[in-house]
Number of protein chains: 2
Amino acid sequence: MSATAEEEAYRHLQRALRLGRYKPGERLIPEEIAAEIGMSRMPVREAFRRLASDGLVVLRPNRGCVVAGLTVDELYEIFEIRSVLEGLAVRLAMPRIDEEALEEFENLLDRMERAGQSGSSDWVVRHQEFHGRICALSRRPKLIHQISALHVVIEPYMRIWFDDAHKPLSAREEHAAVIAALRSGDGRHAEEVMQNHILGTAPLLAEFVGPSR
Amino acid sequence: MSATAEEEAYRHLQRALRLGRYKPGERLIPEEIAAEIGMSRMPVREAFRRLASDGLVVLRPNRGCVVAGLTVDELYEIFEIRSVLEGLAVRLAMPRIDEEALEEFENLLDRMERAGQSGSSDWVVRHQEFHGRICALSRRPKLIHQISALHVVIEPYMRIWFDDAHKPLSAREEHAAVIAALRSGDGRHAEEVMQNHILGTAPLLAEFVGPSR
DNA sequence: TTGATAATACGTGGATACAAAAATACTTTC
DNA sequence: GAAAGTATTTTTGTATCCACGTATTATCAA
């Protein structure tokens, strides 16, 4: 249970949006959602505002709340931003990367691989976990937060990508290369590898999105 | 006038926070603020949520809204993030930088200089404008938005810095160097110069903040 | 005097009520 | 039959009200 109704509404909606249960452009009616989770529309409204700041919905005065979608351009843009932020994160994480950490990353990579082969869309979550654990070692709270916010926004598209055509064929090698770069101990090098990894993913994903909105 | 009361409350509070009219740790009472601008608590509460997402205030369940402050560590972190984001922005802006754009930047630099010498704290605004105009040429809406959000968060500290001791002595050369890098036409080079410019500013500013919170 | 505890005042979160705006359906007119 | 204007319905935005949680102060015991 969450402390406040607003928090509950926020989590409920964020989860639904991440899972792609609502389609871009779809209108979210406060009363309906309030009824679903048993509260008034007030806390739902407040949750809307937070979701709007996250970029998950769009809020227009007197016109309600619609589910946000990403155009291909916006998708690329987010990957560009991710590339420099996560690049920075690995660079800063480097001093704290030891044999133990590398082992953890290998394990996460294995779990990701297994989830991928079983066809479960857990792959998306495992993938986030992999990137997230590396970023966590940067010990930069705001940086970590911003990166994870970007992962949330692209999550629905990652799911579509994964479900449509078990793409992560090259994923294993890509991520193994990142681990190898981490093992090198060279922060700048690892930063570059991470940047290229992320930028390389964007066009693959964009294929499956098509000109939306 | 703004369309909604929430918008008005948001602008009012953001402005006050940017100008440093409220001190970190200070508690904001919805009722007081609502009275000030002639509305009920409700739209003010909603404005609080947006400000919290911006990182300008902290909202704790049942404990109200307090003005956020930055520790020195957080200040450095923000400058690290700015360095890679604005670095990316200049790199992407490079193809669109022509003689006309360079001239505009020179002009902005002059205006910044003049504001600096007159002692007016317009300097902070001009400085934002200078960085903002460069970033704008990247034509990446989300990137621009994120960068400008970071400028907002550090604005109060920039003002303290400026007011306390007309620092921007080296500023003129620093920013002139950025323009020179833009003139070179080399995106990677300009990115690096921008990164170093931003990272170089952080310790100067940190001096004047001291261990807050 | 100090520390714990109870009483009280204050502030927050949420629900309901009301007003204003937008969307929709319905005429009316050409 | 189409377009424009009008009325109705729906939905959003704001205000007010109430219940609960938190902080403060007062009271009392050690």
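Visitor: How many bridges join strand 2 of chain A to strand 3 of chain A?
Guide: This is a predicted model. In it, strand 2 covers residues 57–60 of chain A and strand 3 covers residues 64–67 of chain A. The two run antiparallel, and the number of bridges joining them is four.

Visitor: Which residue in strand 3 of chain A does Leu59(A) stand opposite?
Guide: Strand 2 of chain A, residues 57–60, is joined by bridges to strand 3 of chain A. Within strand 3 of chain A, the residue opposite Leu59(A) is Cys65(A).

Visitor: Which residue in the turn between strand 2 and strand 3 of chain A has a positive phi?
Guide: These two strands form a hairpin, with three residues between them. In that turn, a positive phi of about 65° belongs to Asn62(A).

Visitor: Which record annotation covers residues 3–70 of chain A?
Guide: The end C-alpha atoms of residues 3–70 of chain A lie 32 Å apart, and the span is 51% helix and 15% strand. An unreviewed UniProt entry annotates residues 3–70 of chain A as "domain: HTH gntR-type".

Visitor: In what order do the three strands of the chain B sheet lie?
Guide: The sheet of chain B is open and its pairing is antiparallel. Strand 1 (27–28) and strand 2 (57–60) of chain B each have a single partner strand, so they stand at the edges. The order is 1-3-2.

Visitor: Which helix of chain B packs on the sheet?
Guide: In chain B, strand 2 and strand 3 are joined by four bridges, and Leu59(B) stands opposite Cys65(B). The helix that packs on the sheet touches both of these strands, and its direction makes about 115° with that of strand 2 of chain B. It is helix 3 of chain B.

Visitor: Which residues come closest to DNA strand C?
Guide: DNA strand C is surrounded by 16 residues, which divide into eight nonpolar, five polar and three charged. Helix 1 (5–18) and helix 3 (41–54) of chain A, together with strand 3 of chain B, each supply at least two residues of this surface. The closest are Thr4(A), Ala5(A), Ser40(A), Asn62(A) and Gly64(B).

Visitor: Which element gives the most to the surface near DNA strand D?
Guide: Around DNA strand D there are 15 residues, with Gly64(A), Thr4(B), Ala5(B), Ser40(B) and Asn62(B) coming nearest. By class, this surface has seven nonpolar, five polar and three charged residues. Helix 1 (5–18) and helix 3 (41–54) of chain B each supply at least two residues. With three residues, the element that gives the most is helix 3 of chain B.

Visitor: Which helix gives the largest share of the side of chain B that touches chain A?
Guide: The contact takes 20 residues from chain B and 20 residues from chain A. On the chain B side, two or more residues come from each of helix 3, helix 4 (72–93) and helix 7 (141–164) of chain B. This side has eight nonpolar, four polar and eight charged residues. The largest share, nine residues, comes from helix 4 of chain B.

How values were computed: Residues are numbered from 1 along each chain as its sequence is written. Chains are lettered from A and ligands numbered from 1 in the order in which they are written. This is a predicted model: local features need pLDDT of at least 70, side-chain atom pairs count only at pLDDT 80 or more; totals for chains, interfaces and linings use all residues. A residue is near a molecule or strand if its C-beta atom, placed from the backbone, lies within 6 Å of it. Ala, Val, Leu, Ile, Met, Phe, Trp, Tyr, Cys and Pro count as nonpolar, Asp, Glu, Lys and Arg as charged, and the others, Gly among them, as polar. Two residues are in contact if their C-beta atoms, placed from the backbone, lie within 7 Å. UniProt positions are given in the numbering used here, feature names are shortened, and annotations may be inferred rather than shown by experiment. Two strands pair if DSSP finds at least two bridges between them. Axes are lines fitted to C-alpha atoms, for helices over the stretch in contact, and angles run from 0 to 180 degrees between N-to-C directions.
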